[in-house]
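Subject: Structure for your review

Dear colleague,

Please find below the structure that I am handing over to you. I would be grateful if you could read the notes after it with the structure open.

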Amino acid sequence: AQKLEGHTNTINWVDFSPDGEHLLSASWDGTVREWDIESGEGRVAFDGHTDRVLSVAYSPDGEQAVSASRDQTVRVWDVAIGDEIQTFEGHTGDINSAAFSPDGTLIASASSDETIRLWNIETGEEVRQFIGHEGAVNNVIFSPDGQYILSTSWDTTARLWDVATGEEVRQFIGHSRAVFGAAFNSDGTLATTTSSDFTVRIWDVTTGDEIRRFDGHTNWVLSVAYAPDDSFVFSGSEDNTGRVWRMARDIPELIEWAQNNRYIATLTCPERQQYRVEPLCESAETDS
């Protein structure tokens with residue numbers, strides 16, 4: 001295991017590069033750093049924020065990074081050299097999360113000012129605002145096709161927004177306390193959220209219905225991610241555990257899994273007699 005040393009305060013967020021060879025880290029020390037996974041060495045430090053950096057993410061091509069900060073700015077960086085490309089200003093509260101659109105042309109940011117804002121990377125202009133949450137917005141992500149944004153908030157809701165219009169499409173209602181983590185499965189049909197109510201919940205994106213709930217954490221659940229094949233969901237919590245949850249399978253998948261993972265015990269003669277399992281032994285006193 002590699003030990004990545006260089007930050008001087010809490011590391012709040014990390015993100016792997018698309019090729020899996022590098023890692024970005026965001027810290028309360030006001031910096032973002034990129035690391036080489038194999039060697040553990042720091043590659044580039046991004047300096048410019050004047051307060052805690054609360055999130056960081058690679059662009060889809062891995063050539064840029066976006067960071068969000070308590071200093072109320074979103075910044076875009078050239079990963080290769082660490083230069084700042086754009087600074088987006090307009091939020092009036094901490095910016096808790098920022099994400100690239102799948103095509104890499106837009107950035108969405110979530111803020112404690114209860115708004116989500118959309119930014120054009122090339123021009124640096126604010127495209128639109130998404131208004132409706134009644135509490136700080138904790139997280140924002142794009143759907144895999146880039147048509148929607150999913151946000152989570154202290155108002156106990158997660159909300160789906162139309163990127164093109166800024167209109168709220170639907171709310172996911174069921175959590176009893178603040179909602180933090182957000183993730184889509186690979187085709188965007190399911191959304192998963194986490195909460196300070198200790199639960200992880202799976203939602204049907206089309207209907208807004210809760211279709212599954214994972215209980216087990218004993219403290220706030222802050223983050224969530226899908227496995228690449230969507231077969232598992234991973235959640236991270238303030239109970240100091242990460243938990244892996246198996247997603248529901250359809251009947252053919254369950255049968256195939258059972259066939260591939262079944263264990264057939266060898267029965268003794270008395271057990272064969274008791275359960276009438278053929279072939280029976282000649283004597284129940286002799287083990288098979």
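The notes below describe some strands, a sheet and the nonpolar cores.

This is a predicted model, in which local features need pLDDT of at least 70 and side-chain atom pairs count only at pLDDT 80 or more, while totals for chains, interfaces and linings use all residues. Residues are numbered from 1 along each chain as its sequence is written, and side-chain values use heavy atoms, with hydrogens and water left out.

I begin with strand β11, residues 115-120. Strands here are DSSP runs of E with at least two residues, numbered from the N terminus. Five of the six residues of β11 are buried (under 20% relative accessible area, with exposed over 50% and partly exposed in between, for a 1.4 Å probe and protein chains only).

Strands β10 (residues 106-111) and β11 pair in the antiparallel sense over five bridges; two strands count as paired if DSSP finds at least two bridges between them. Within this pair, Ser109 has Arg117 as its bridge partner. Three residues lie between β10 and β11 in their hairpin, and Glu114 in the turn has a positive phi of about 75 degrees.

β11 also runs antiparallel to strand β12 (residues 126-131), to which five bridges join it. Here Arg117 stands opposite Gln129. The hairpin of β11 and β12 has five residues between the strands, and Gly124 takes a positive phi near 80 degrees.

Next comes an open sheet of four strands, in the order β17-β18-β19-β20 with antiparallel pairing. β17 (179-184) and β20 (210-214) stand at the edges with a single partner strand each, so one side of each is left without a neighbour in the sheet. Strand β19 (residues 200-204) is joined to β20 by four bridges, and Ile202 stands opposite Arg212 in β20.

Finally, I turn to the cores. A nonpolar core is a set of buried Ala, Val, Leu, Ile, Met, Phe, Trp, Tyr and Cys residues joined through side-chain atoms within 4.5 Å. The largest has 13 residues, and Leu118, Phe142 and Ile149 have the most contacts inside it. β10, β11 and β13 (137-142) each supply at least two residues of this core. A second, separate core of 12 residues includes Ala68, Val74, Phe88 and Phe100. Leaving aside neighbours within four places in sequence, Phe142 is in contact (heavy atoms within 4.5 Å) with residues including Phe100, Leu118, Ile149 and Phe184.

Yours sincerely,
A colleague
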